[in-house]
Amino acid sequence: MSKTNNSYHSVFLESDWRHRVLSDEKIKFFRLITDNSIHDKTCKLIQKYPDRDIICLNQYDEKLSQCKACATKAYLRIGATDPKNYKRYCTFFDNTFLSTKVLRDIYVTNRMTTSIFEKTLTIKYKEDTWRIISLDNDGNVQLRHNNYKRLTDGTRQFVGGYHIQNNYCKRIKIRPALSVIKTYDYRVHSTNDNILQAVDKNDKIAPKHSPISRIFTWIKSVNNRVKRALF
């Protein structure tokens, strides 16, 4: 493979082999044998490595070290049904202050699947489907849950449409919303707010932020946007 040199590093030009694997929809990730890390196959950092250092992967290997530069793209490739909406996802993640650590919990640990439309993230987890609606650029969201009715045998029939989970979920932050999704069990679900408020209290994930902490959160969000623009 040919390469070009500049003052920073060598850049390996796209070979016929690399062009083929990038076009192969079955191949989703690259593994580097030099540092045992995993990359989304579109990661620009891969350009620094020759073909001989790259192993193609059809499935995500969570035992490998995830490249930070392409983490969002890699996680979306795992569980998003519409990963081509990458920019729309990034806008949603930035507005709700979702870190790549939380994204890993969504897509790798819990194997949730998602789709996105405008400001609404739809999450499929276990039997249920949820919608998280971004209300503003300050991290506030609304959580909606699929409609269903209980049958006499204790099972459920899904009847279409969504409802606000309850008053607590009309306007919350996204991490307690995700906690509601992960801990939800229709067999013990109550119509009052006690269970949901207990989740928030125990996890301590919806504190009031001081002006200084809000500034740091904003700076972190800007840094994430810059990284995503580069990769």
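**Reading the labels in a predicted model**

In helix α5 of this predicted model, Ile174, Pro176, Ala177, Leu178, Ser179, Val180 and Ile181 are buried.

Reader: What makes helix α5 mostly covered?
Author: Glad you asked! Buried means under 20% relative accessible area, and seven of the 10 residues in α5 (residues 174–183) are buried.

Reader: Why are tyrosine 148 and tyrosine 186 called an aromatic pair, and which kind is it?
Author: Ring centres must lie within 6.5 Å, and planes over 60 degrees apart count as edge-to-face. Here the centres are 6.5 Å apart with 70 degrees between the planes, so the rings count as an edge-to-face pair. This pair links distant parts of the chain: tyrosine 148 belongs to strand β10 (residues 140–150), and tyrosine 186 to the loop between α5 and α6, 38 residues apart. Both tyrosines are buried.

Reader: How do you know that arginine 156 sits over the ring of tyrosine 148?
Author: The distance cut-off is within 6 Å of the ring centre, and the charge must also be within 35 degrees of the ring normal. Arginine 156 lies over the face of tyrosine 148 at 4.8 Å from the ring centre. Lysine 73 lies over the face of tyrosine 86, at 5.0 Å.

Reader: Why do strands β3 and β4 count as paired?
Author: Pairing takes at least two bridges. Four bridges join β3 (residues 29–32) to β4, and the two run antiparallel; among the partners are phenylalanine 29 and aspartate 40.

Reader: And what makes β4 and β6 a pair?
Author: Two bridges join them, running parallel, and at least two are needed, so they pair too. Serine 37 has serine 65 as its bridge partner in β6.

Key
Residues numbered from 1 in each chain as written. Predicted model: local features only at pLDDT ≥ 70, side-chain atom pairs only at ≥ 80, totals over all residues. Heavy atoms only, no water. Buried < 20%, exposed > 50% of the residue type's maximum accessible area, 1.4 Å probe, protein only. Phe/Tyr/Trp six-rings, centres within 6.5 Å; stacked < 30°, edge-to-face > 60°.
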